[in-house]
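The sequence and the structure are shown first.

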Amino acid sequence: MEASRSPGSGRLNFDTTFRYGRTTNSDCPGAAELLPNPSRGCPAVEETFLNRMGLSWRSAAALMGVHSLGRAKIENSGFHGWWSDPINSRLFNNDYFVSLISKGWVPETSVHTRTVKSQWGRSDVQRDLSFDGHEMMLDTDLCLAFAEGPNRRALTPVLSSIHDCCAWVNFAVGGARCGNRRQCCGGQNADDCGRPGNPSGPAAAHVLEFGNNEQAWIREFKTAWTRATENGAQGLKSLEPDTPATSVPSPVPPIATPVPTVAPAPTPATAAPSPVPPIATPSPTVAPAPTPIPASTPEPTRRGKKGRGRKRRRLKRNIGRK
Ligand code: HEM
């Protein structure tokens with residue numbers, strides 16, 4: 001899988017760390033209640049990732065970086081928008097962190113007259129004004145970096161339903177920044193969420209670091225991903241280095257399989273992230289797909305040359321019939 005802010009400049013290999021063999025359950029009673037509720041913000045992140053899964057804020061933030069991929073849809077979750085721009089929403093890279101901190105965000109409950117659940121809409125002058133290109137952050141995303149309160153000593157992680165403020169910073173992250181207050185907050189009169197020079201959410205330092213340093217994010221993400229996919233499982237097995245990943249009888253989604261550059265999101269089976277099962281393939285409506293790098297999946301060995309010859313002849317015959 002490619003992991004980089006520019007296609008082609010970095011490969012991410014999960015094969016060496018991925019272990020398979022978890023039991024697949026046909027049902028999971030009460031699972032919906034165990035998933036973090038986006039509208040509860042950081043208490044929900046803390047409860048799920050820190051208290052239940054034993055992750056640190058740093059690991060939890062790293063895991064949330066998967067929101068660089070994909071989008072939210074009103075018909076699925078009640079939220080609407082992408083966490084990033086059209087190109088980056090198709091790349092497994094650190095743009096979630098760059099987006100979160102270097103753009104401006106204000107609370108919103110509607111997008112182009114369509115009602116949405118309370119979320120943060122992009123507010124800076126460079127935002128895409130179309131409905132399909134809308135960018136947003138959930139409370140559980142933005143709270144990682146931003147906190148708000150009556151004074152410096154009484155800050156709580158932001159919640160769009162109660163904090164009517166503009167989240168922005170006055171410095172660059174990952175080489176990007178939204179500009180000055182007017183440029184970042186789109187002329188809104190709302191207060192700043194905390195101090196623009198020093199965002200104070202519980203994972204702010206990590207969000208900044210991951211935005212500036214993609215390799216640091218990938219290192220932490222691998223640790224967090226291992227925890228998320230191995231929690232509570234025993235007797236897991238490693239993939240053999242020279243075994244084609246496609247032929248491994250894994251009961252979990254094939255995240256270890258080499259996948260195209262602009263991979264669909266690795267939807268975790270055990271740590272299902274959203275209140276609804278995310279559709280693995282981000283919709284291509286706003287983004288021209290960057291050229292995928294073909295996965296080097298070897299031809300399955302069961303079908304020999306003869307079998308392929310027969311299939312080709314059959315195909316030719318069928319085409320001839322049409
Ligand atoms: C506090 C934790 C989280 C919350 C509240 C949350 C919530 C959501 C919501 C509301 C959506 C939009 C669903 C839709 O409308 O279709 C979504 C999408 C998504 N989530 Fe999360 N999520 C969380 C953590 C994670 C984690 C840890 C991962 C992966 C490691 C992840 C991966 C994804 C992906 C890939 C999508 C996009 C799906 C698509 O494009 O169809 N999420 N999440």
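Where is the place of Gly-81? Gly-81 sits in strand 3, residues 81-82. Helices (H or I, at least four residues) and strands (E, at least two) are DSSP runs, numbered from the N terminus. Residue numbers start from 1 along each chain as its sequence is written. The model is predicted: local features need pLDDT of at least 70, side-chain atom pairs count only at pLDDT 80 or more, and totals for chains, interfaces and linings use all residues.

**Confidence and overall make-up**

The pLDDT, the predictor's confidence in each residue from 0 to 100, averages 79 over the protein, and 71% of the residues score at least 70. Over residues 245-322 the pLDDT is below 50, yet beyond near neighbours in sequence this stretch has 100 contacts in the model. Two residues are in contact if their C-beta atoms, placed from the backbone, lie within 7 Å. Where pLDDT is low, the predicted coordinates should not be read in detail.

The protein has ten helices and eleven strands. Among contacts between residues at least 6 apart in sequence, 70% join residues at least 24 apart. Of the 322 residues, 38% count as buried. A residue is buried if 20 or more other C-beta atoms lie within 10 Å of its own, exposed if 12 or fewer, and partly exposed in between, with C-beta atoms placed from the backbone.

**Two buried sites**

Gly-81 is counted as buried because it has 26 C-beta neighbours inside 10 Å. Leaving aside neighbours within four places in sequence, Gly-81 is in contact with Arg-71, Ala-72, Val-111, His-134, Glu-135 and Met-136.

His-67 lies in the loop between helix 3 and strand 2 (71-72). With 25 C-beta neighbours inside 10 Å, His-67 is likewise buried. Not counting residues up to four places away in sequence, His-67 touches Trp-83, Tyr-96 and Asp-141.

**Pairs apart in sequence**

| Pair | Apart in sequence | C-alpha to C-alpha |
|---|---|---|
| Asp-15 and Glu-240 | 225 residues | 8.6 Å |
| Arg-40 and Ser-160 | 120 residues | 9.7 Å |
| Gly-81 and His-134 | 53 residues | 5.0 Å |
| His-67 and Asn-94 | 27 residues | 9.5 Å |

Asp-15 lies in the segment before strand 1 (19-20). Its 16 C-beta neighbours inside 10 Å make Asp-15 partly exposed. Arg-40 is placed in the loop between helix 1 (31-34) and helix 2 (42-52). Arg-40 is also partly exposed, with 17 other C-beta atoms within 10 Å.

**The loop between strand 4 and strand 5**

His-112 lies in the loop between strand 4 (105-111) and strand 5 (114-122), and Thr-113 is found in the loop between strand 4 and strand 5. Most residues other than glycine have a negative phi. His-112, however, has a positive phi of about 50° although it is not a glycine. Phi of Thr-113 is positive too, near 70°. His-112 is exposed, with 11 other C-beta atoms within 10 Å. Thr-113 is exposed as well, with 6 other C-beta atoms within 10 Å.

**Packing of helix 3 on helix 9**

Two packed helices are described by the angle between their axes and the distance between the axes. Helix 3 (residues 57-64) and helix 9 (residues 214-230) pack at about 95°, with their axes 8 Å apart. Helix 3 is therefore roughly perpendicular to helix 9. Axes are lines fitted to C-alpha atoms, for helices over the stretch in contact, and angles run from 0 to 180 degrees between N-to-C directions. Angles of 65 to 115 degrees count as roughly perpendicular, those under 35 as roughly parallel, those over 145 as roughly antiparallel and the rest as oblique.

From helix 3, Arg-58, Ser-59, Ala-62 and Leu-63 meet Trp-217, Glu-220, Phe-221, Thr-223, Ala-224, Arg-227 and Ala-228 of helix 9. By class, this contact has six nonpolar, two polar and three charged residues. Ala, Val, Leu, Ile, Met, Phe, Trp, Tyr, Cys and Pro count as nonpolar, Asp, Glu, Lys and Arg as charged, and the others, Gly among them, as polar.

**The core**

The largest nonpolar core has 58 residues, and those with the most contacts inside it are Leu-142, Ala-167 and Val-207. Such a core is a set of buried Ala, Val, Leu, Ile, Met, Phe, Trp, Tyr and Cys residues joined through C-beta atoms within 7 Å. Leaving aside neighbours within four places in sequence, Ala-167 is in contact with Trp-105, Trp-120, Leu-142, Phe-146, Val-158 and Cys-193.
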